[in-house]
Amino acid sequence: MDFLALGTHYGKVYLLDVQGNITQKFDVVQVFGLYSGEEFHETFDCPIKIIAVHPHFVRSSCKQFVTGGKKLLLFERSWMNRWKSVVLHEGEGNIRSVKWRGHLIAWANNMGVKIFDIISKQRITNVPRDDISLRPDMYPCSLCWKDNVTLIIGWGTSVKVICSVKERHASEMRDLPSRYVEIVSQFETEFYVSGLAPLCDQLVVLSYVKEISEKTEREYCARPRLDIIQPLSETCEEISSDALTVRGFQENECRDYHLEYSEGESLFYIVSPRDVVVAKERDQDDHIDWLLEKKKYEEALMAAEISQKNIKRHKILDIGLAYINHLVERGDYDIAARKCQKILGKNAALWEYEVYKFKEIGQLKAISPYLPRGDPVLKPLIYEMILHEFLESDYEGFATLIREWPGDLYNNSVIVQAVRDHLKKDSQNKTLLKTLAELYTYDKNYGNALEIYLTLRHKDVFQLIHKHNLFSSIKDKIVLLMDFDSEYLHKLFKRDHHKGQRYHEKQISLYAEYDRPNLLPFLRDSTHCPLEKALEICQQRNFVEETVYLLSRMGNSRSALKMIMEELHDVDKAIEFAKEQDDGELWEDLILYSIDKPPFITGLLNNIGTHVDPILLIHRIKEGMEIPNLRDSLVKILQDYNLQILLREGCKKILVADSLSLLKKMHRTQMKGVLVDEENICESCLSPVLPSDAAKPFSVVVFHCRHMFHKECLPMPSMNSAAQFCNICSAKNRGPGSAILEMKK
């Protein structure tokens, strides 16, 4: 025997002669199940470039696969479990790419791309290769199916065609295949396509890139890229681009890279001569990883909160704690403390841990405004530690915390003793004394608190007395209390005009003596002050405005007007007063007083037009009297008069239109029919208006007021008026109701 079969190496069988020389090479194709004992084994005497199995090869009815080399062969298992092969295509060079989807097989050879329908056993299209300058073995075609009817082709420097396989209408069949291909989009790229894969409505492209060296100006192979692009009608938009680091990329060619994808898992495999790189679609965890790596903690926290149901590797709390630590390291202590409220929430243990961290860096003051005060409540030691920090360096801040924090958060007696120790060094410090009074109040030690407030002459003593019923403790201190709070009665009156009414007479003299600006508002609002007493006090002190108000309130408007004219000499106020009173005699007095005073006449001319006939004033002006701005005043009177005429005409038009509309509405209402049945009675004889025997003749009169009468029951109309009226409505003085309907039979 001259030849010996030695086995396979890289899918090839080598035949050697007895001297060990290779005489012939054979390619071996094996198809076997990963989880079953099925296996197909075939040896070919020509190179096999590509193989593709039926997408549903596991089914007994789909035991098919194709091989590509010089020919495209379809292998199919027959009903006797024998494999038979059929040549689908040959004669156009090597077939280097095959993709099978559903009933369609797409392959690429040196001439272009073909699609074969295994159901109809027909080739349904041929997409020729455009750029014939590129060697097909160096820049092979990349194919992928987006779905069962959409094929994507990438070849050379372009994603050449996106084809949609469609059914042909029956009327167009003739000798043509039942399906045809429609070009949806094609566009050029700036790179060589090494692989394609669909990603929703976008494309994942494995790009082979060549660049020009700036130093040598020679072309060299750059790292391959994995790009995500959005196809458009004639171009594309780059969504993202990642350069891949693979070993030996400087020596690799376009044909050395391949892109495969796992449709169910969204995994993409980049195959190079030395490496296999697995890429997967970024999830929210990956995005958060990137944000944390870039120290964008706030954005990472926000992303985690928005997608908390979808993240698997991250916890919102962990991201938040990292964010707080980052802010502290950066020195943003106030921001870090403020973020604790949101991040730590109701976790008391974490709150206490963070407080101790802030203590270590000397920033307890920064976190103090944000400590929880209700749910949760921290250990008393935490609050006491912060209070001691403020007490040592910031009395005002200490006082603020005592006011804002509930007294049950800390041990009150401990803080009281600490304040008393500090008062030994500074016994007159008002801030510490007031704070000590508040602490005594929390501790229900009202006596000591009252003593401090009285010592400080502080107004909060009134609230303390009222709230805790300490009236028995201040019987001998009333004068002192009134001395350091002179606004006590005033605030009581502002709160309720009726409380303290027995002091209103006293308040008049107090306001007049010490606080005149509030006297007039008091007189206006009080209904309990004695007017005669108030008038006497105001006249004694010559308080004109207050006296004018009291005179007008007591009904002496003429004296009030006279005082305005003679004491205040204010024509505008006099006119305003006359307008408020709306009294003709007051206007007459005002005109008489003003007739010899030109400035007053000008004021009256400018304001009198809408209340009094200006002619009455003009006739009384003496000839030759010089009146300032007379022309402007007369023009204003004419304008006011014209305005009144226009207003009257407008009102008249509205009145006429409304009257006409209501009249028409009344007429339509009165024209409507009135239901008359056997339940209606004659208002005169009180018997039914309709006879029981429908065949008998009858006559009924119905008025607009809906009262009904037999005609014979109504009195005869008078000789002066033939109109009939409802007796009932006329008797009640409700106005005559004329008849609206007379029924006869």
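**Helix packing, loop residues and a surface patch**

The axes of helix H3 (residues 316–330) and helix H4 (residues 333–344) come within 8 Å of each other and cross at roughly 170 degrees. This description, like those that follow, refers to a predicted model. Because angles over 145 degrees count as roughly antiparallel, H3 and H4 are classed as roughly antiparallel to each other. The crossing of H3 and H4 is left-handed.

Lys121 is placed in the loop between strand S11 (112–117) and strand S12 (122–128). The phi angle of Lys121 is near 55 degrees, which is a positive value in a residue other than glycine. Lys121 has a relative accessibility of 49% and therefore counts as partly exposed, since the exposed class requires a value over 50%.

A positive phi angle, near 75 degrees, is also found for Arg706, again a residue other than glycine. Arg706 lies in the loop that runs between strand S26 (699–703) and strand S27 (708–710). With a relative accessibility of 41%, Arg706 counts as partly exposed.

On the surface, a nonpolar patch is formed by Phe32, Leu34 and Tyr35, which together have about 480 Å² of accessible area. Of these residues, Leu34 is located in the loop between strand S3 (22–32) and strand S4 (39–44). The relative accessibility of Leu34 is 71%, so Leu34 counts as exposed.

Notes:
Residues are numbered from 1 along each chain as its sequence is written. This is a predicted model: local features need pLDDT of at least 70, side-chain atom pairs count only at pLDDT 80 or more; totals for chains, interfaces and linings use all residues. Side-chain values use heavy atoms; hydrogens and water are left out. Helices (H or I, at least four residues) and strands (E, at least two) are DSSP runs, numbered from the N terminus. Buried means under 20% relative accessible area, exposed over 50%, partly exposed in between (1.4 Å probe, protein chains only). Patches are made of residues with over 30% relative accessible area and no salt bridge: like charges are joined within 9 Å, nonpolar side chains (Val, Leu, Ile, Met, Phe, Trp, Tyr) within 5 Å. Accessible areas come from the Shrake-Rupley method with a 1.4 Å probe; for residues, only the protein chains shown count as cover. A salt bridge is a side-chain nitrogen of Lys or Arg within 4 Å of a carboxyl oxygen of Asp or Glu. Axes are lines fitted to C-alpha atoms, for helices over the stretch in contact, and angles run from 0 to 180 degrees between N-to-C directions. Angles under 35 degrees count as roughly parallel, over 145 as roughly antiparallel, 65 to 115 as roughly perpendicular and the rest as oblique. A crossing is left-handed if the near helix is turned anticlockwise from the far one by less than a right angle, and right-handed if clockwise.
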